[in-house]
Amino acid sequence: MINIEFNGQAQSLDAALNIEQLLALHQQAPEGIAVVLNGNIVTRSEWASTKLADQAKVRVFRAIAGG
């Protein structure tokens, strides 16, 4: 079990997931979002290969159009 922070909320996971799996778990569609892991932007091409470690801090930002 690992403990992470997802968008400011503490969460326990049964296993180390990758970013793509975490987004699916939270029903986050990948279109128009950016992911920051421990203060660093993770490109979409790296989501499947980036495993989350214990105490990871993940933030998801969604682009919003407006005017």
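## Strand pairing

Two strands count as paired if DSSP finds at least two bridges between them. In this predicted model, S1 and S5 run parallel and are joined by 2 bridges. Within S5, valine 58 stands opposite phenylalanine 6.

S3 and S5 run antiparallel, with 5 bridges joining them. Here leucine 37 stands opposite valine 58 in S5.

## Nonpolar core

The largest nonpolar core has 17 residues, of which Ile4, Ile19 and Leu52 touch the most other members. At least two residues of this core come from each of strand S1 (2–6), helix H1 (19–25), strand S3 (33–37) and strand S5 (57–62). In soluble globular proteins, nonpolar side chains tend to be buried together.

Leaving aside neighbours within four places in sequence, isoleucine 4 is in contact with Gln9, Ala10, Gln11, Leu13 and Leu22, and also with Leu52, Ala53 and Ala56.

## Asparagine 18

Asparagine 18 lies in the loop between strand S2 (9–13) and H1. Its relative accessible area is 8%, so asparagine 18 is classed as buried, the cut-off being under 20%.

Polar atoms of the asparagine 18 side chain lie 2.7 Å from the backbone nitrogen of glutamine 21 and 2.9 Å from the backbone oxygen of alanine 48. Not counting residues up to four places away in sequence, asparagine 18 touches Trp47, Ala48, Thr50, Lys51 and Leu52. Among these, Leu52 is also a contact of isoleucine 4.

Note on methods: Residues are numbered from 1 along each chain as its sequence is written. This is a predicted model: local features need pLDDT of at least 70, side-chain atom pairs count only at pLDDT 80 or more; totals for chains, interfaces and linings use all residues. Side-chain values use heavy atoms; hydrogens and water are left out. A nonpolar core is a set of buried Ala, Val, Leu, Ile, Met, Phe, Trp, Tyr and Cys residues joined through side-chain atoms within 4.5 Å. Buried means under 20% relative accessible area, exposed over 50%, partly exposed in between (1.4 Å probe, protein chains only). Helices (H or I, at least four residues) and strands (E, at least two) are DSSP runs, numbered from the N terminus. Contact means heavy atoms within 4.5 Å. A polar contact is a pair of N or O atoms within 3.5 Å; within protein, one must be able to donate a hydrogen and the other to accept it, and residues adjacent in sequence count only if both atoms are side-chain atoms.
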